[in-house]
Amino acid sequence: MKNYTSVKDIPSIEKALETAFEVKKNPFGFQHLGKNKTMVMVFFNSSLRTRLSTQKATMNLGMNTMVMNVNGDSWQLESEMGVVMDGDKPEHLLEAIPVIGRYCDVIGVRAFARFESREDDYSEKIINQFVNYAGVPVVSMEGATRHPLQSYADLVTIEEYKKVEKPKVVLSWAPHPRALPQAVANSFVEWMRETDYDLVVTHPEGYELAPEFMGDVKVEYDQKKAFEGADFIYAKNWSSYSEYGKVLSKDISWTVTEEKMALTNNAKFMHCLPVRRNVVVSDGVIDSPNSIVIDQAANREVTAQAVLKMILEG
Ligand code: CP
């Protein structure tokens, strides 16, 4: 595998699951692959899980890691082409990316949607500049439109907990006070479409995801109806795609509650974290035995390591 920016980069879902379970069973068994190799992790945005799980994954593989927080410890980086650089950004990505590439064997980059332009965000302007100019493999640690490390961990978690071959998996929009990107939701749908699960997406009108991610996935605007018989409830907020980046609703009747979970087939509750308690999900649901959010986050280490293993193996 050369780069990892979406589900399209993995050889197959079967190979991804096989590698994840291989790594989970034997986390320190592949250190020959990472010996004397270095990963630089570049963060344009904050992180807890992605940063720690990916760094731990590199350590398991015997790699060295360097972390750079753009906006914190580096020069401010310009990403626009052809601009007169007389503002507050003294270095361009056109130099910064290949220079970083000379210091390492793999680059991880996190660059969220900026909500200045849907076209810019959906062209993955930053991640694609890394892919084009790094000279080494690039791993998306969440781009403007996808979070493939998260989705891979979500898939592994569902495989570990599913009780039927083709579970009903519901992605439910939930309220949030701020405008969040569509990346986790887009990516989750993109990965689930590669499986034969029964996927349903539920959200208020106006929160339709981009058609290129949704394809013919079923949308159910009645959240309670969507929850009926579900085996997994995956809650997530996202801002509007059609009215790009806008918060159209903060309706707390969409919060995931015990009452709604009672409509399901004793469903497991999932969320990528961080989560706002009693806004996105009630304490009663996230603290219940059916909540698997901690195992889901723990699988981030496993799948980050699986991705790096596949890259190091070429
Ligand atoms: N889920 C996730 O990516 O968490 P962080 O933003 O903390 O990395």
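Colleague: Where does the ligand sit?

Modeller: This is a predicted model. The ligand sits in the largest pocket.

Colleague: Which residues are around the ligand?

Modeller: Ser47, Leu48, Arg49, Thr50, Arg110, His147, Gln150, Cys272, Leu273 and Arg300 are the residues around it. By class, this shell divides into 3 nonpolar, 4 polar and 3 charged residues.

Colleague: Which polar side-chain atom lies 2.9 Å from an oxygen atom of the ligand?

Modeller: For such pairs, one looks for N or O atoms within 3.5 Å. The atom in question belongs to Arg49. Ser47 also contributes through its side chain, with an N or O atom 2.7 Å from an oxygen atom of the ligand. Cys272 contributes through its backbone: an N or O atom there lies 3.0 Å from a nitrogen atom of the ligand.

Colleague: How much of the ligand's accessible area does the protein cover?

Modeller: The general idea is that the size of an interface is often expressed as the accessible area lost when the parts come together. Here the ligand on its own has 250 Å² of accessible area, and the protein covers 92% of that.

Colleague: How is the protein chain divided into domains, and where does the ligand lie relative to them?

Modeller: The chain is divided into domain 1 (7-146 + 299-313) and domain 2 (150-297). Both domains give residues to the shell, so the ligand lies between them.

Colleague: How many residues of the two domains are in contact?

Modeller: In domain 1, 29 residues are in contact with 33 residues of domain 2. The C-alpha centres of the two domains lie 25 Å apart.

How values were computed. Residues are numbered from 1 along each chain as its sequence is written. This is a predicted model: local features need pLDDT of at least 70, side-chain atom pairs count only at pLDDT 80 or more; totals for chains, interfaces and linings use all residues. Side-chain values use heavy atoms; hydrogens and water are left out. A residue is near a molecule or strand if one of its heavy atoms lies within 4 Å of it. A polar contact is a pair of N or O atoms within 3.5 Å; within protein, one must be able to donate a hydrogen and the other to accept it, and residues adjacent in sequence count only if both atoms are side-chain atoms. Accessible areas come from the Shrake-Rupley method with a 1.4 Å probe; for residues, only the protein chains shown count as cover. On a 1 Å grid over the protein atoms alone, a cavity is a set of points where a 1.4 Å probe fits but cannot get out, and a pocket is an open set with protein on both sides within 12 Å along at least five of seven lines; lining residues have an atom within 4 Å of a point. A molecule sits in a cavity or pocket if more than half of its atoms lie within 2 Å of its grid points. Ala, Val, Leu, Ile, Met, Phe, Trp, Tyr, Cys and Pro count as nonpolar, Asp, Glu, Lys and Arg as charged, and the others, Gly among them, as polar. Domain bounds come from an automatic or database domain assignment. Contact means heavy atoms within 4.5 Å.
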